Amino acid sequence: MGLFSAMLGGAFRASDEASDPLYLDDPADRWFEGDLSRMSNAGRHVSADGSMRVSAAYACIALLSKTVATLPLRMYRKEPGTGRTFEAPEHPLNELLEHQPNPWQSAWDFKSMLMGHLALRGNGYAEIIAGPRGFADRLEPIHPDRVIAERMPDYSIRYVVSDPMKGTRILLQDEMFHLRSHMAPGGIVGISPIAYAKETIGLALAAEEHGARMFSNGARPSGVVTVQSEMSDGAFERFKTQWHQSFVGIGNAGKTPILEQGAIFNPISMDNEEAQFIQSREFSIEEIARWFDVPLVLLHHMTKTSSWGTGVEAIMLAFVRNNLMPWLACWTSAIRRDLILAPNIYEAQFDVEPLIRGDSKAQADFYSRLVLNGILTRNEARDALGYNPLSGLDEPLVPTNTTTPDNMPVNNSAGQTAEISHIGDPAIDDQDVSSEQNHDD
């Protein structure tokens with residue numbers, strides 16, 4: 001059987017579905033996977049969780065979720081009139097977003113889980129629970145497959161949650177923190193990339209299964225055994241059983257078959273269609289990375305040269321600007337809409353500095369220029385580099401070779417303007433005095 005015939009359904013059997021835990025015919029499992037569980041044209045069952053068996057999809061989700069979880073998320077206070085922002089650790093939301101959103105999760109756990117839900121299923125949900133710190137005392141994540149969003153007549157949104165412990169219940173819009181990826185046509189929920197990448201994921205799963213079956217048969221295609229005369233049913237079954245026990249599988253690779261009754265074994269060499277197996281798998285990695293908007297170089301796919309530059313700093317800067325910033329904006333805009341009561345005064349921001357920071361030499365040059373030009377104080381630079389502050393280093397330096405017109409040097413000690421002269425010549429006042437003396441003489 002050829003590669004593409006196997007990938008297009010020839011290798012799919014009902015027994016495969018029954019033996020795979022992802023395909024168990026359990027009504028609860030079917031409901032939990034929801035509308036994302038579909039059969040692809042490649043003959044493979046594709047679901048959100050099942051797609052994580054493809055290494056490229058798993059790497060994309062892991063990269064996005066772990067990167068967002070690593071970035072500090074803090075509350076900031078905006079100064080009216082000037083637009084300047086200052087950290088606001090006193091805000092009740094700062095403890096939830098930066099440290100611990102609920103009693104059983106750290107901030108890393110919470111952000112990683114919701115970002116994984118968002119990137120894989122298109123939505124991330126967390127129930128807003130009131131308490132001593134106000135209306136948002138805790139944020140409890142909810143699996144997206146257990147939530148149905150509905151539009152109400154007043155254009156608000158309510159959420160029907162199938163809770164395994166509390167049963168079905170309804171949460172109003174001000175009781176739910178909702179992250180959405182790019183919007184579905186209805187505009188209420190986000191779109192999962194799996195819903196559109198079903199064929200790509202299914203093709204990758206079929207190719208992976210084909211490769212596993214090929215290697216399980218001795219890391220090479222099978223051959224044809226021919227006999228000189230017709231075999232009886234009993235002899236045929238005995239020959240087939242002995243052949244599989246002695247010569248099929250990786251453990252039997254390299255053994256020399258001994259054939260009876262003039263039988264001849266003719267191995268089938270790998271044809272051009274089978275030789276495209278590796279190429280098709282590489283192409284599936286590129287396709288999956290495109291669906292999740294993740295650069296190939298960050299998936300450790302080094303077969304092609306990156307056009308983003310050769311340095312790690314250039315690659316990370318492009319990743320932050322082109323791929324990560326839209327996800328971070330999704331988070332901060334949802335926090336502004338669902339969690340912040342005074343959005344004109346407070347805002348949430350991610351600190352992306354750890355991702356775009358250069359090597360030690362570049363950092364030293366960068367902070368040196370900022371300090372020497374008076375943009376940062378020396379203690380601010382020390383804090384950015386992870387050092388403790390020192391006394392006497394809180395004032396910005398003033399460059400001596402630059403100034404403004406209102407800071408031009410003047411000599412007002414005698415009530416006169418500064419003397420102006422050419423280099424090497426006497427002052428203008430001295431010239432006037434000497435000329436008057438000569439005139440008197």
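In this predicted model, E150 is partly exposed, with a relative accessible area of 27%. The side chain of E150 meets that of R158 in a salt bridge, with an N to O distance of 2.8 Å. R158 is likewise partly exposed, at 25% relative accessibility.

**Salt bridges**

- E140 and R138 are joined through their side chains in a salt bridge of 2.8 Å, N to O.
- E140 counts as buried because its relative accessibility is 14%, which is under the 20% limit for that class.
- R138, the partner of E140, is partly exposed at 29% relative accessibility.
- D365 and R369 form another salt bridge, in which the closest N and O atoms are 3.1 Å apart.
- Both D365 and R369 belong to helix α14, which covers residues 360-372. They are four residues apart, about one turn of the helix.
- At 42% relative accessibility, D365 is partly exposed.
- R369 has a relative accessibility of 53% and therefore counts as exposed, the cut-off for that class being over 50%.
- Elsewhere, salt bridges with shared partners link D49, R121 and D145 into one network.

**The setting of D49**

- D49 is placed in the loop between strand β2 (45-46) and helix α4 (55-70).
- The relative accessibility of D49 is 34%, so this residue counts as partly exposed.
- Along the sequence, D49 and R121 are 72 residues apart. In space, their C-alpha atoms are 9.4 Å apart.
- D49 and R121 are also members of one salt-bridge network, together with D145.

**Negative charge on the surface**

- Which residues gather in a patch of negative charge on the surface? The patch consists of E87, E380, D383, D394 and E395.
- Within this group, D383 is found in helix α15, spanning residues 378-384.
- D383 is exposed, since its relative accessible area is 59%.

**Backbone angles**

- As a general point, most residues other than glycine have a negative phi.
- Y155, which is not a glycine, has a positive phi of about 70 degrees.
- The position of Y155 is in the loop between β7 and β8, the latter covering residues 157-163.
- With a relative accessible area of 66%, Y155 is exposed.
- D293 is another residue other than glycine with a positive phi, here near 55 degrees.
- D293 is located in the loop between helices α11 (277-292) and α12 (312-338).
- The relative accessibility of D293 is 39%, and D293 therefore counts as partly exposed.

**Residues separated along the chain**

- Where does W291 lie? W291 is part of helix α11.
- W291 is partly exposed, at 36% relative accessibility.
- The C-alpha atoms of W291 and A57 are separated by 9.2 Å, although the two residues are 234 residues apart along the chain.
- R146 occupies the loop between strands β6 (134-142) and β7 (147-151).
- A relative accessible area of 24% makes R146 partly exposed.
- For R146 and Y125, the separation is 21 residues along the chain. The C-alpha atoms of R146 and Y125 are separated by 9.8 Å.

**Cysteines**

- A disulfide is a covalent bond between the sulfur atoms of two cysteines.
- How many disulfides does the structure contain? The count comes to zero, where a pair would require cysteine sulfur atoms within 2.5 Å.
- Is C60 buried or exposed? C60 is buried, because its relative accessibility is 0%.
- C330 is buried as well, with a relative accessible area of 13%.

Key: Residues are numbered from 1 along each chain as its sequence is written. This is a predicted model: local features need pLDDT of at least 70, side-chain atom pairs count only at pLDDT 80 or more; totals for chains, interfaces and linings use all residues. Side-chain values use heavy atoms; hydrogens and water are left out. Patches are made of residues with over 30% relative accessible area and no salt bridge: like charges are joined within 9 Å, nonpolar side chains (Val, Leu, Ile, Met, Phe, Trp, Tyr) within 5 Å. Accessible areas come from the Shrake-Rupley method with a 1.4 Å probe; for residues, only the protein chains shown count as cover. A salt bridge is a side-chain nitrogen of Lys or Arg within 4 Å of a carboxyl oxygen of Asp or Glu. Lys and Arg count as positive and Asp and Glu as negative; His and the chain ends are not counted. The place of a charge is taken as NZ of Lys, CZ of Arg, CG of Asp or CD of Glu. Helices (H or I, at least four residues) and strands (E, at least two) are DSSP runs, numbered from the N terminus. Buried means under 20% relative accessible area, exposed over 50%, partly exposed in between (1.4 Å probe, protein chains only).
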